[in-house]
Amino acid sequence: MTQSASQPDRILTLEEYLTYEDGTDNRYELVDGELVKMPPESLENCDVAMRLLFQLAKFLPLTWLSYKEIEIEVSGRRAKTRLPDLMVLGEECRHALEGKTRGTITRDMPPPLVAIEIVSPGHANEVRDYRYKRSEYAARGILSYWIVDPQQHKVTVLSLVEGLYEETVYQNGDRIICPILPDIQIRVTDILENPLS
């Protein structure tokens, strides 16, 4: 069954969400069973995400990288999915997605190694990225969660230790350290400073 035409006025299960189609190019996250339309990103945030993607591609296989196109099922009171700005899938997660008709990492699949969010301006966005996604990604077993905050000129790297995230904040010319990706050589300025300005 495929939903169509307009946004449903009821709570969706994950299965209903995965077949939902409204005839538009709108992108949604499923939050506690409700569709939440994801607005287009600002040009600045797209630039930051692209610079980080290019930096990661210097050190990791391209097939491990996801740029805004793969979603992940996370825990919630009801069905919930998130659409991270970037992910480092890793070999096991990438293998689990191969042959699927939709880029959704479900709970029965291995989690990605890293989820990365670029914080958009606004209090609600900060709360979502710093608070809600932090607990959702930890519960999902994602080993590292990066919060890239262009407004505060910092990158927060959260590393999963015994089920909870421990955080380290990087600013200015700091080199980002990610224990599960020890070979990366990326500085905060590589991603937050526009080389053309």
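A pocket, in the sense used here, is an open set of grid points where a 1.4 Å probe fits, with protein on both sides within 12 Å along at least five of seven lines, and its lining residues are those with an atom within 4 Å of a point. Keep in mind during the tour that the structure on your screen is a predicted model.

**First stop: the second largest pocket.** Select Tyr-17, Asn-26, Arg-27, Tyr-28 and Arg-102, which lie nearest the centre of the second largest pocket, out of the 16 residues that line it. The space in this pocket comes to about 330 Å³, and its lining is made up of four nonpolar, four polar and eight charged residues.

**Second stop: the largest pocket.** Now select Met-38, Pro-39, Pro-40, Glu-41 and Asp-85, the residues nearest the centre of the largest pocket, whose lining has 20 residues. Two or more of these lining residues are given by each of the elements β2 (34-38), β8 (114-118) and α4 (123-140), and the largest share, four residues, belongs to α4.

In soluble globular proteins, nonpolar side chains tend to be buried together. To look at the largest nonpolar core of this model, which has 25 residues, select Leu-52, Leu-56, Ile-116, Trp-146, Val-148 and Ile-176, the members that touch the most other members. At least two core residues come from each of α2 (43-57), β6 (86-88), β8, β9 (144-149), β10 (154-161) and α5 (188-192), while α2 supplies the largest share, with five residues. Stay for a moment on Leu-56, which, when neighbours within four places in sequence are left aside, is in contact with Leu-65, Val-88, Ile-116, Trp-146 and Ile-186. Apart from this core lies another, of 19 residues, and you can find it by selecting Val-74, Leu-89, Leu-97 and Tyr-137, which are among its members.

**Fourth stop: a sheet.** Strands of a sheet pair through backbone hydrogen bonds, either parallel or antiparallel. Show the open sheet of three strands whose order is β5-β4-β7 and whose pairing is mixed. Its edge strands, each pairing on one side only, are β5 (81-82) and β7 (104-105). Strand β4 (residues 71-73) pairs with β5 in the antiparallel sense over two bridges, and if you select Ile-72 you will see Arg-82 of β5 standing opposite.

Select Ser-66 in strand β3 (residues 65-67). Is this residue buried or exposed? Ser-66 counts as buried because its relative accessibility is 1%, and the cut-off for buried is under 20%. Beyond neighbours within four places in sequence, Ser-66 is in contact with Asp-85, Leu-86, Met-87 and Leu-89. For a sense of distance, draw a line from the C-alpha of Ser-66 to that of Glu-126: the two are 60 residues apart in sequence and 22 Å apart in space.

**Last stop: two positive phi angles.** Move to Lys-68, in the loop between β3 and β4, where phi is positive, at about 60°, although the residue is not a glycine. Lys-68 has a relative accessible area of 14% and is therefore buried. Then go to His-153, in the loop between β9 and β10, another residue other than glycine with a positive phi, here near 50°. With a relative accessible area of 48%, His-153 is partly exposed.

Methods: Residues numbered from 1 in each chain as written. Predicted model: local features only at pLDDT ≥ 70, side-chain atom pairs only at ≥ 80, totals over all residues. Heavy atoms only, no water. 1 Å grid on protein atoms, 1.4 Å probe; cavity = no way out; pocket = protein on both sides within 12 Å on 5 of 7 lines; lining within 4 Å. Points joined across faces, edges and corners; volume = space filled by probe spheres on them. Nonpolar A, V, L, I, M, F, W, Y, C, P; charged D, E, K, R; others polar. Core = buried A, V, L, I, M, F, W, Y, C linked by side-chain atoms within 4.5 Å. Buried < 20%, exposed > 50% of the residue type's maximum accessible area, 1.4 Å probe, protein only. Contact = heavy atoms within 4.5 Å. Pairing = 2+ DSSP bridges.
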